[in-house]
Amino acid sequence: MLIASQLEPTYARTVYPCFDEPAMKATFNIRIIHDPSYVALSNMPAIDVSEMQDENGSLWTVTTFNTSLKMSTYLTAFVICDFDYVTRTERGNEIRIWARKEAVKNGYVDYALNITGPIFSFLEDLLNVSYPLPKTDLVALPDFGAGAMENWGLMTFQESSLMYLPSDKFTSRKAMIAIILSHELGHQACEMLKHFFFLFKWFGNLVTMNWWNDLWLNEGLASYFEYLGVTFVEPRLSLDKIFNDHVIQPILREDNEIGIRSLSESEDKIKGSFSLMSLFDSITYNKGASITWMLSGFLTEKLFIRALTSYLKEFSFSNANQDDLWTHIQMVVDAQDEIQLPASVKQIMDSWTCQNGFPVLTLNVTTGTISQEQFLNKKNENSTDPYNNTWIIPISWMRNGSSQPLMWLDKSSKVFPEMQVSESEYDWILLNVNLSGYYRVNYDQLNLIRLARLLENDPKVRLYFRFQLINDVFALTQFGYIHIETALELTKYLAREDELFIWNVVLLNLVPENLEGTLKNYEVYPLLKKYLLKRMLPIYHYYAGFIRQNVDALEDDYFAQVYLEKLFATACWLGLEDCLNLCSELYAKWMDNPAYKIPFLIRRPVCCYGVAVGSDKEWNFAWEMYNHTNSTKEDKDILLSAMSCAKESWLLYRYLQYGLSDTLFSSNCTSVIILHVVAKDIGHRIAWEFVTENW
């Protein structure tokens, strides 16, 4: 038995009578009566544990907690469990991590314990704000819908967000735990700066938004700080790389549909047209963090932190809206003369938070003209910009590799004479250096040809330069701003690209998500095979060498952990002989010794192509392993998919038959098996015949 609460946004009212609004802060006295074999936890430390008898003579434990600090109702919390914990003290704050007894005994929460204290201290020092509570409990719940929640003093997490198994060394889980922890702790100032994401949440706890329409002040700021915290405790992770890859690029791909809301909406609009739960989305988290990144960039981190510290101090234990934050930033800007802004902080930032979408800048290097328009899909006739939005845009830029002073575009177009280029083919311009701004850039043909030539001559030119160019040109192609040929010009150099981080962007844009369906991609497949394979060979062989000789050396390569699978799956899909042989070898090794572990990084493609290249013997082994009692859920998922990779139609037909059997599978596997088979070339027709026969 286990009870845990989740009261954000409006569920406190279902637990106790209250004015359940974030701005109505109060102190809380909590007492819980529970079975003596369980422990009760709440926001504050327990101050008294006594016994009482009910009318049937049964004994109950009464746990009384200290009076809470002044806080919002949605942050009150309680957990009743029979868990164990590990503990350490950081600057007088007792940190306890609770989990199922066997998980604690096996050391699965030790990593989280080791990083929580340092993240707290990092945030306290950075923001110059002390964590106001005497203790922090973090609880790993086997089943939890919210992912993680920053309740002040009692944070709750899904187990996977808090547990790091020693056998996980080849997964990206370590970094993800750090990110989530950092976010939740970030709330704790704001709750103390959500655990990375959650350790960053004192933003919501100390200073809470006036109402839910400014939720991004909680979540967006915490999402920004979580990445600072992650790179503090895991210094091998590059902040710029991980922030661009996890936050900025995913939201730029999403924030361009008509009808997507703006970051900050009016209360009336939300009450009229949104559910509160729908506000907990990627606009709030990722766009909020991206706008904060841009703001910190043009202010400098020093001024930004100074303004935040003053904002946190003034509004501690109360509420604020985004204008209060702009006021504090304006005060800091006015008190110095190094950074000059073209308009007030409120005017600049409202153009980003109160309008939906984001701009694309078009640069003409012959005239030096930059124009802006909302980035919308030109292939979609309905997507005209109804508002004629303009943004006040900070433009970081470089010419021929050397950084130039920041420029601002504050109207729909403007001429910058210093951005005109000469006749020399080595004279080029790059805007939005290091992706510091929340926008895309479209260059004229002349500049693009020069940038493509630069990549071919110097493939080691700055990492973000390559990352950004390739991201932007494919997005512009997809939305009808430029032709695909123009984008492909920039990929000619790829044979000398050794960063998986960049290759992932290329594969994301060129290779269909559903790899197996060559039938649906009959036109593009032979071209991709010819064009991409020869460029992939060097990076493929580089990583295949590690897989064959020393896979342990990749333990600290975060991007290998996240993206190597896609690279290998693509190489095998395109028919690379060495890739297919490597999968066969590793699969055969596993068949000879079932205790052998296929390297986690490429387990999925190895199992698929091991079955594909093999016969019924390989398929039967996968089936045997699927039914093995020691198989984890993850192993089972991989094998469920791998068994559909068989190239002999009778094996696929037998697999579909197995899928109908109640004794072999739970009923929810039937549709999963059909979906796996239908995605494969030879399985497509077989699955359809099978479904119609067995309707």
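Me: Which domains is the chain divided into?
Reply: This is a predicted model, and its chain is split into domain 1 (2-187), domain 2 (208-354), domain 3 (359-474) and domain 4 (511-647).

Me: How many Å separate the centres of domain 2 and domain 3?
Reply: Their centres, taken over C-alpha atoms, are 24 Å apart. Domain 2 puts 27 residues into the contact and domain 3 puts in 24 residues.

Me: And what area is buried between domain 2 and domain 3?
Reply: About 2,100 Å², with carbon and sulfur atoms giving 67% of that.

Me: How many salt bridges does the rule find across that interface?
Reply: The count for domain 2 against domain 3 is 0 salt bridges. The rule does find 6 residue pairs in polar contact there.

Me: Which elements give two or more residues to the domain 2 side?
Reply: Helix H7 (239-254), helix H9 (282-299) and helix H12 (345-353). H7 has the largest share of that side, at 9 residues.

Me: OK, switching to the sheet. In what order do the strands of the open sheet come?
Reply: The order is S2-S5-S4, 3 strands with antiparallel pairing.

Me: Why is one side of S2 and of S4 left without a neighbour?
Reply: Strand S2 (31-34) and strand S4 (46-53) are at the edges and have a single partner strand each, so one side of each has no neighbour in the sheet. Ignoring direction, neighbouring strands of this sheet are turned by 20° against each other on average.

Me: How many bridges join S4 to S5?
Reply: 7 bridges, with S5 covering residues 59-65. Alanine 46 sits opposite phenylalanine 65 in S5.

Terms used: Residues are numbered from 1 along each chain as its sequence is written. This is a predicted model: local features need pLDDT of at least 70, side-chain atom pairs count only at pLDDT 80 or more; totals for chains, interfaces and linings use all residues. Side-chain values use heavy atoms; hydrogens and water are left out. Two strands pair if DSSP finds at least two bridges between them. Helices (H or I, at least four residues) and strands (E, at least two) are DSSP runs, numbered from the N terminus. Axes are lines fitted to C-alpha atoms, for helices over the stretch in contact, and angles run from 0 to 180 degrees between N-to-C directions. Domain bounds come from an automatic or database domain assignment. Contact means heavy atoms within 4.5 Å. Buried area is the accessible area (1.4 Å probe) that two parts lose on being put together, summed over both. A salt bridge is a side-chain nitrogen of Lys or Arg within 4 Å of a carboxyl oxygen of Asp or Glu. A polar contact is a pair of N or O atoms within 3.5 Å; within protein, one must be able to donate a hydrogen and the other to accept it, and residues adjacent in sequence count only if both atoms are side-chain atoms.
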